[in-house]
Amino acid sequence: MDYQIYFIPTPIGNLEDMTIRAINTLKEVDIIACEDTRESRKLLDYFDIKKELTSYHKFNEVSKSEELIENCKAGMTYGIITDQGMPGISDPGHILIKKCIEEGISYTILPGASSMLTALVGSGMENTSFIYYGFIPKKQGDKEKLYQELKEQTRTSILFDTPHNIAKTITDFKEIFPERKLCIARELTKKFEEYYIEEIGKINIEELTLKGEFVLILSGGEEIKNQSIEDFEGEIKDLVKEGLRTKEITKIIKEKSSFNKNEIYEYVLTLSK
């Protein structure tokens, strides 16, 4: 074989999306490293691929990558697959590629299915420039940091979400940028594939099927050009007259601008005097 390690994408839902090259490569490598041997065995049995499997997942990715590198130095060849999609994108693989580069191990990436690109094209949203964020974080602090970045993001954003979290995510989006558009791509390439595209403020969560795997495509916000803190002077003075506290006014202006909280807070204090 021409390379020592082959990173091979697998179908994101429909097994018929497996490429001929991917099938042939998996039949030729010595060992297949996969996330879940039980899940991968279903795919391999479908294409009559009988090869030794070894577990390679996020909990053993570092140590396993070192093992694979050493075996490659001894002449072994590997096929790297994940449960669905492209290895290295929100799935194991990225660490191994970096180690291949460091150790001089030859590798190649086979083209194939990608849920993020499939959803992006299907959303009909602007795709000349876009940004991928991965899964919505579980920790509140990380989530708030992401939301702030999304709020200021002018490009189309791609995110992953899970069935048990999607309702909360949409509720959060309704509070932060209700005027933006959201495409909720569900069960891509499968029987119940669905593209739900709507202005966020108009989304009725009760109408959604909260099952399967989700890719979220969020439209970009309007670019704020040459904005000055002084532009909010009149509004701030009105809010001061209404009796709002400095912290409350700061929060209101923060939601409408790109200025940091300290900068707004100091300006509000200046006008209050």
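**Ground rules.** I number residues from 1 along each chain as its sequence is written. In this predicted model local features need pLDDT of at least 70, side-chain atom pairs count only at pLDDT 80 or more, totals for chains, interfaces and linings use all residues, and side-chain values use heavy atoms, with hydrogens and water left out.

**Whole chain.** I looked up the secondary structure and found 10 helices and 10 strands in the protein chain. Both are DSSP runs numbered from the N terminus: helices are H or I with at least four residues, strands are E with at least two.

I then checked the dimensions. The C-alpha trace spans about 75 × 45 × 30 Å along its principal axes. The radius of gyration is 24 Å, whereas a compact globule of 273 residues would have one near 19 Å. That radius is taken over C-alpha atoms, and the globule rule is 2.2 Å times the number of residues to the power 0.38.

For the surface, I noted an accessible area of about 15,200 Å², with 47% of it belonging to carbon and sulfur atoms. The area comes from the Shrake-Rupley method with a 1.4 Å probe. Buried residues make up 42% of the 273; buried means under 20% relative accessible area, exposed over 50%, and partly exposed in between (1.4 Å probe, protein chains only).

I also looked at contacts (heavy atoms within 4.5 Å). Of those between residues at least 6 apart in sequence, 69% join residues at least 24 apart.

**Q140.** I placed Q140 in helix α6, residues 140–152. Q140 counts as partly exposed because its relative accessibility is 44%. From Q140 to K98 I read 42 residues in sequence and 30 Å in space, C-alpha to C-alpha.

Points are joined across faces, edges and corners, and a volume is the space filled by probe spheres set on them. The structure holds 2 cavities of 30 Å³ or more.

The elements giving two or more residues to its lining are β8 (181–186) and β9 (194–199).

The second largest cavity has a volume of about 40 Å³. Its lining includes P9, D17, M18 and G112.

Technical notes. 1 Å grid on protein atoms, 1.4 Å probe; cavity = no way out; pocket = protein on both sides within 12 Å on 5 of 7 lines; lining within 4 Å.
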